[in-house]
Amino acid sequence: MQTFSVQTLITMQYCTARALLANDDVLVLLHIGAEQTGIAVGNSALPEVALTLSIGSQKTAREYFKHAPPSMLELENAIVTVEDEITRARSLMPTGASLVTIDPTIRKIAILSGMAAEQVMCLPIEAMERTFDQLAQVSLGRPASLDKLPADNGFAATLLILREFMHHLQFTNITALHADRRIASI
């Protein structure tokens with residue numbers, strides 16, 4: 001299997017998202033990888049700027065989640081680091097930009113949040129927040145069997161990173177696109 005740097009991957013994903021959406025909107029592409037999170041921003045065929053954050057689904061889960069599901073204290077401790085890292089991206093966020101992703105896990109979050117599984121899915125922050133609230137309730141002791149959330153801590157970390165990204169960078173929704181699996185995940 002060929003591996004790519006995060007910078008190369010987010011550029012490829014940005015180009016794919018731009019082609020799938022076929023518009024001139026300013027896009028902010030979000031990729032939550034295993035060890036890093038990548039962001040690409042632009043309104044042309046190639047991103048004008050890209051940034052790699054030192055947070056990722058597996059890294060965050062490994063560093064902060066000692067229980068499955070994570071405890072509320074573990075979630076809160078992870079949030080502090082995630083918020084600090086996301087703050088680095090604030091100056092790159094143009095007003096009125098559209099947040100997009102090709103990440104399969106974020107598509108799964110959209111489906112668990114009540115969105116129909118389609119080629120293009122728009123996940124509002126309110127629906128994502130309800131899904132995060134389910135995770136928080138499980139972390140407080142609610143039986144996981146009452147929810148359909150995966151018991152995987154990597155999933156929990158992805159949901160947490162997405163939530164903090166949308167809140168702190170003031171995105172009201174994220175568009176989750178279905179793309180070729182080779183481009184969607186690394």
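**Strand β5 in its setting**

Modeller: The accessible surface of the protein comes to about 8700 Å², and 53% of that surface belongs to carbon and sulfur atoms; accessible areas come from the Shrake-Rupley method with a 1.4 Å probe, and for residues only the protein chains shown count as cover. This is a predicted model, in which local features need pLDDT of at least 70 and side-chain atom pairs count only at pLDDT 80 or more, while totals for chains, interfaces and linings use all residues. Residues are numbered from 1 along each chain as its sequence is written, and side-chain values use heavy atoms, with hydrogens and water left out.

The protein has seven helices and six strands; helices (H or I, at least four residues) and strands (E, at least two) are DSSP runs, numbered from the N terminus. Along the sequence their pattern is α-β-β-β-α-α-β-α-β-α-α-β-α. Of the 186 residues, 47% count as buried, meaning under 20% relative accessible area with a 1.4 Å probe, protein chains only.

Now the strand itself. β5 covers residues 120–124. Its covered face holds M121 and L123, whereas V120, C122 and P124 make up the uncovered one. β5 is joined by five bridges to strand β6, residues 173–177, and the two run antiparallel; strands pair if DSSP finds at least two bridges between them. Within this pairing, L123 of the covered face stands opposite I174 in β6.

Contacts across the protein show a related picture of separation along the chain. Among contacts with a separation of 6 or more, 69% are between residues 24 or more positions apart, where contact means heavy atoms within 4.5 Å.

Terms used: Buried < 20%, exposed > 50% of the residue type's maximum accessible area, 1.4 Å probe, protein only.
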